[in-house]
Amino acid sequence: MSTRLKIAIQKSGRLQEDSLKILKDCGISIDNGKDQLKAQARNFPLEVLYLRNSDIPEYVQDGVADIAIVGENVVIEKQKEVKVLQTLGFSKCRLKLAIPKDEEYTGLSYFNGKKIATSYPNSLCAFLKENNLDSEIHIISGSVEIAPNIGLSDGICDLVSSGSTLFKNGLKEVEQILSSEACLVSNKDISDEKQELLDNLLFRMKSVLAAKNNKYLLLNAPNDKIEAINNILPGMKSPTVMPLMQEGWSSIHTVIKDKDFWEVIDQLKANGAEGILTIPIGKMIL
Ligand code: PRT
């Protein structure tokens, strides 16, 4: 039987949809029967295992899956031997310490002698140790944010994304322990044949991510401003410059990081740029 790479993704929850989407953007079609625990890709030697996010690091360490898409926070918390290959830009969150909003926060020493409820005991323990804090960790597996309200703890250590759960429960963020996003991880010992498949998949993922983070930029500029505009544009290489029908004007094309666009737009306009357009990029091969 020919070699197949086994990838674990979350069975259901916050990571699942975006995990399947990135595989799809990589051109991989999966026959996705509802409630299946396993599926095959039609056009890539890939088998998909649907598992719980919190179990994934262990399964990858043990070689049940070769690779996986999982939250970085879980990789850190579970302390298993896996390699983080690539962050994927979705399911972003922060692991935070929070306390009742009416409490006066006096700095890290506030937590000395306090009880903190969490589902992330290892990450919290490492943070407390690093900061020489003597707090009591109270491990609970869900609904951590209600712990202070029912007298179970003084504060909590939990994941935050929008912050609305903390707000609704009368809590405020006071310290950040780590930030996290979905990432691709692999087993530390992959066979050469599987490594070849993984390199192919990783190449596709990087192209998809690069395309998402960049835009194709077009603008028109007077010829005497081309040099100045070129100096403003943080493009891939040097931009393409093509003459316009209108005498003394050119069209400039380049690729720009999405996050940089709003920072340079005023400078472009100040240098005479007109008809500025950005276009999404399908795939970007680096
Ligand atoms: O059951 P399984 O083991 O598969 O998964 P899980 O219990 O880890 O489930 P899930 O689907 O809730 O979370 C999967 C992953 O999504 C997490 O491990 C994180 O990497 C990531 N993620 C991103 C989050 C959040 N954002 C998030 N906001 N995981 C949980 N939350 C919870 C948080 O615990 C709190 O209860 O959402 C609430 C706070 O959200 P805000 O928006 O109100 O701040």
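Predicted model: local features only at pLDDT ≥ 70, side-chain atom pairs only at ≥ 80, totals over all residues.
Leu277 counts as partly exposed, at 49% relative accessibility. In contrast to the partly exposed Leu277, six of the six residues of strand E11 are buried.

**Surface patch**
- Leu277 belongs to strand E15, which spans residues 274-280.
- Together with Tyr216 and Ile279, Leu277 forms a nonpolar patch on the surface.
- The accessible area of Tyr216, Leu277 and Ile279 together is about 250 Å².

**Strand E11 and its partners**
- Strand E11 covers residues 182-187, and six of its six residues are buried, so the strand is largely enclosed by the rest of the structure.
- Strand E4 (residues 67-71) runs antiparallel to E11 and is joined to it by five bridges.
- Within this pairing, Gly71 has Ala182 of E11 as its bridge partner.
- Strand E5 (residues 82-87) is likewise antiparallel to E11, with five bridges between E5 and E11.
- Ser186 in E11 stands opposite Lys83.

**Ligand surroundings**
- There are 21 residues around the ligand, of which Ser54, Asn73, Ser162, Gly163 and Thr165 come nearest.
- Thr165 places a polar side-chain atom 2.5 Å from an oxygen atom of the ligand.
- For Gly163, a backbone N or O atom lies 2.7 Å from a ligand oxygen atom.
- Ser164 has a polar side-chain atom 3.3 Å from an oxygen atom of the ligand.
- The protein buries 80% of the 820 Å² that the ligand exposes when taken alone.

Key: Residues numbered from 1 in each chain as written. Heavy atoms only, no water. Buried < 20%, exposed > 50% of the residue type's maximum accessible area, 1.4 Å probe, protein only. Helix = DSSP H or I, 4+ residues; strand = E, 2+ residues; numbered from the N terminus. Pairing = 2+ DSSP bridges. Patch = residues over 30% accessible without salt bridge, like charges linked within 9 Å, V, L, I, M, F, W, Y side chains within 5 Å. Areas by Shrake-Rupley, 256 points an atom, 1.4 Å probe, with all protein chains shown as cover. Salt bridge = Lys/Arg side-chain N within 4 Å of Asp/Glu carboxyl O. Near = heavy atom within 4 Å. Polar contact = N/O pair within 3.5 Å; in protein donor to acceptor, adjacent residues only side chain to side chain.
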